[in-house]
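Please examine the model displayed below.

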Amino acid sequence: MSKRVHVVAAVIRGHHKQVLIAKRPTHVHMGGLWEFPGGKVEQFEAPLDALKRELKEEVGLTVVSAQPLIQITHDYPDKQVYLDVWEVHEFVGVARGMEGQQVKWVWQVDLLDYEFPAANQAIVTATLLSSTCLITGDTDCSGVYLAAIEAALSRGYRLFILRPSCPNLDFLGLVSALKSMALFSAAQWQWHIDWCPAASTDFERAITEHKNFGVHFSARKMEGGFECFDGALLSASCHNRSELALAQQRGIDFLLLSPVSATKRYRPDELLGWAGFSALVESINIPVFALGGLTLDDIVNARLAGGQGVACIRDWWQ
Ligand SMILES: Nc1nc2c([nH]c(=O)n2[C@H]2C[C@H](O)[C@@H](COP(=O)(O)OP(=O)(O)OP(=O)(O)O)O2)c(=O)[nH]1
């Protein structure tokens, strides 16, 4: 087996949720496919320095600031790569294909329409997900439930795990309110499988027909196997290496991994800490949110540990 190649690549965010992509020349590995600009890290070169060099050489941009987004270990039949992907928010210059390659700013939602190398699937998912995932807490009033979500939307949050605990829930009313909220905000609703109406065809229709609805599984439900929600975004809660591996095998799109920090439910020796979180995240190629005893201020820690961001309940739910 040849040595794994360390590659840096950038999700460069331009105006209005646009992302820069480039077409790989036909004669190179993965030729003709689209890529996030980047290239190989040279010997003794720091990854961020390599990223800055590659973006200058390939697309003529000077990076001002960048932060880690996701790391992918992938084996192609003829090459093993470690894709070290960064998110670039600040740069100077006008993007050009410096090596004659086609480059394009595309709306991030349209990334799904482009053909990328196989390793890029999780990078596209990570690009589309925000860095905060809000899990709804308890309330016995559906009006209060919706008002809390609306307030979070107005503060800019876009990704939610829904656990509507209200008795006598008007399920269709809730779905329709969430649909219209998504129309104006591009919010993503992950419906927790333990809180969804049992055997409801309306539920299945809402999940599969509206791209803003997805399904969230507890580790137990994921292990038990699940029916196919065609095309829906799937997420799951995990706590250890074997659950993470199973999630990857089952095609789950993103994960919540807990408990990272102190909570009432767990003993101190059960906590992962950031080092434990990081070691587990390294073992899979899926965006992972850190959960458990964290606040919305922990996003930077989560990113440094290889995560997508943080998932919270207590820090936002009143
Ligand atoms: N830059 C980049 N490479 C990717 C992506 N996805 C993916 O699988 N790759 C793979 C394709 C290649 O095998 C490897 C990148 O190597 P490369 O040949 O482009 O690197 P380079 O620009 O330094 O090439 P070279 O001039 O040294 O030949 O990573 C991606 O999104 N961006």
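Lys17 is exposed, with a relative accessible area of 56%; here buried means under 20% relative accessible area, exposed over 50%, and partly exposed in between, with a 1.4 Å probe and the protein chains only. Lys17 lies in the loop between E1 and strand E2 (18-23), where helices (H or I, at least four residues) and strands (E, at least two) are DSSP runs numbered from the N terminus. The phi angle of Lys17 is near 60°, a positive value in a residue other than glycine. The model is predicted: local features need pLDDT of at least 70, side-chain atom pairs count only at pLDDT 80 or more, and totals for chains, interfaces and linings use all residues. Residues are numbered from 1 along each chain as its sequence is written, and side-chain values use heavy atoms, with hydrogens and water left out.

Met30 also has a positive phi, near 65°. Its place is in the loop between E2 and strand E3 (34-35), and at 22% relative accessibility Met30 counts as partly exposed. A cis peptide bond, with omega about -5°, joins Ser258 and Pro259; Pro259 belongs to the loop between strand E13 (254-257) and helix H8 (273-282). As background, most residues other than glycine have a negative phi, and most peptide bonds are trans.

Gln108, in the loop between strand E7 (103-107) and helix H2 (121-128), counts as buried at 11% relative accessibility. Not counting residues up to four places away in sequence, Gln108 is in contact (heavy atoms within 4.5 Å) with Arg13, Lys17, Val19, Thr127 and Leu128. Ser235, in strand E12 (residues 233-238), is buried with a relative accessible area of 0%. The side chains of Ser235 and Gln190 form a polar contact of 2.9 Å. A polar contact is a pair of N or O atoms within 3.5 Å; within protein, one must be able to donate a hydrogen and the other to accept it, and residues adjacent in sequence count only if both atoms are side-chain atoms.

Which residues of helix H5 (residues 201-209) are buried? They are Phe203, Ala206 and Ile207. Seen down the axis of H5, these buried residues fall within an arc of 95° (taken from the directions from the helix axis to the C-beta atoms), so they line one face of the helix. They pack against helix H4 (171-185), strand E10 (188-192) and strand E11 (213-217), whereas Thr201 and Glu209 on the other side of H5 are exposed.

The ligand is surrounded by 17 residues, the closest being His29, Phe36, Lys40, Tyr76 and Asn120; a residue is near a molecule if one of its heavy atoms lies within 4 Å of it. A polar side-chain atom of Asn120 is 2.7 Å from a nitrogen atom of the ligand, and a polar side-chain atom of Glu54 is 3.3 Å from a ligand oxygen atom. Taken alone, the ligand exposes 640 Å², of which the protein buries 78%; these accessible areas come from the Shrake-Rupley method with a 1.4 Å probe, and for residues only the protein chains shown count as cover. Strand E1 (5-12), strand E4 (38-40), helix H1 (47-59) and strand E6 (79-92) each supply at least two residues of the shell.
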